[in-house]
Amino acid sequence: MLRNSLPKIVTSVPGPKATEIIERRAKAMPGAIKCGYPLVIERGEGAMFEDVDGNVFLDWVGGVGVLNIGYTNSELVEAVKAQSEKYFHAMMNITTHEQYIKLAEVMNEIVPVKGNVKQTMFVNSGAEADENAVKIAKSFTKRPNIIVFNGAFHGRTQMTMAMTGKKAYALGMGPFPDGIHRVEFPNLYRAPKGMSEDDAIAYYVEKLEHAFIESAPADSVAAIVFEPVQGEGGFIPAPIEWVKAVRTICDKYGILMVTDEVQTGWGRSGRLFASEYFKEAGCAPDIMSTAKSIAGGMPLSAVTARKEIMDAVPVGTIGGTYCGNPVSCASALKVVEIMLRENYPARALEIGEKATRKFKSWADKYGVIGDVRGMGAMLGVEFVKNLETKEPYPELVNEIINAAVKKGLVLEAAGTYGNVIRFLCPLCVTDEQLEKGLEIYEESLKECLNK
Ligand SMILES: Cc1ncc(COP(=O)(O)O)c(C=O)c1O
């Protein structure tokens, strides 16, 4: 069974069939939708997929966090089939369908935002969820500004492009919405030289407070929006003491704290949501957005907040034709059931610990790894040319990724400098597959260093 198999390469990568489809791709669709790898999938199961030439790959990207539960899951297939046989679509503005309500009830139980009475709305993508989180925060506070961070990634709608840090994702797309103010994200590895962790956190908190003087008065700020672990930005976890300080600032000035759990959600962090760690530390967010693994690959995303916040949104300003599609909701209900039953968060911790141990041993051996960091099974390895100067090493990262894919392991880069390799392996991976992936990764690293 593909689900339990190991990587196996039987042609060159890409093989002849994949090459032909990639050539057609170049003609049929815009090149601006990046083709990162010449991989053409035939079928997928668990953490593995087979391409059209019969090559078998272990996928450590998983749709950038979409496939925590794997490529296919028989229970999800059944749930999707059963719902499809009843109806594909019902627009909540016109016809109420119960799948939406059931899923909203579940989300209101499991999402760790502040408040006892919560409500959830559904949209279709991570960007839409983030954009709606901002709309909701503005409606509640009646304020025009938001604060976001360097290195943030929130999507590709006009609002979320403007919220995203890296301008390569927004080239030539302006003018952008006003009222978006950017502050330094707490990056402990790249904090000013010689600073202790405590001093670095104090430094980043001061930078945040300075925004109220320099760019937007505190009483004009609706929300502070951040990822619990920056994804695109380089897998940088927000230190808990910094999050506590953000919560205090939000409480002081009546600002809403919004966590973007599009990538960190659904077991990845070692909790169902990373915001659970924040709640446990007394700094739960007011609004949380999530997407990616929510419905196992069916398009769906969600925004959850306490009812008092949701009640402030004017009728007609949120929602949309496909939002909360019944087939997607049926799939998501099954995802939650499986994740809780099989304790996916605990598995993420197990996977994360194993991988972290390995990555740290390479840091000692090879002298090109500056930092190994993350939360649960969302890990980043930062490659540098010099451990002292921390000069980024994106060339090596590209070589490792190319070498690994040729051996059947799919990896992906991240970070402002493109010098971080992300670890987002599906949480349904077997121990044997995980070991094999680590073996291929190390072989690729050694091969590239010995060139
Ligand atoms: C943290 C975060 N927010 C938002 C998005 C945007 O999600 P989507 O591509 O579904 O619009 C992403 C996508 O990678 C993400 O990682």
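## The seven-stranded sheet

Two strands are taken to pair if DSSP finds at least two bridges between them. On that basis, this predicted model contains an open sheet of seven strands with mixed pairing, in the order β4-β12-β11-β10-β7-β5-β6. The edges are formed by β4 (118-123) and β6 (180-183); each has a single partner strand, so one side of each is left without a neighbour in the sheet. From one strand to the next, the twist averages 20°.

Strands of a sheet pair through backbone hydrogen bonds, in either a parallel or an antiparallel sense.

Helix α4 (residues 98-110) lies across β4, β11 (287-290) and β12, and runs at about 125° to β4. Helix α8 (residues 240-253) also packs on the sheet, where it touches β5 (145-149), β7 (221-226) and β10 (256-261). The direction of α8 makes about 170° with that of β7.

## Lysine 334 in helix α11

Lysine 334 belongs to helix α11, which spans residues 326-341. Neighbours within four places in sequence aside, lysine 334 is in contact with Glu75, Leu76 and Ala79.

Key. Residues are numbered from 1 along each chain as its sequence is written. This is a predicted model: local features need pLDDT of at least 70, side-chain atom pairs count only at pLDDT 80 or more; totals for chains, interfaces and linings use all residues. Side-chain values use heavy atoms; hydrogens and water are left out. Helices (H or I, at least four residues) and strands (E, at least two) are DSSP runs, numbered from the N terminus. Contact means heavy atoms within 4.5 Å. Axes are lines fitted to C-alpha atoms, for helices over the stretch in contact, and angles run from 0 to 180 degrees between N-to-C directions.
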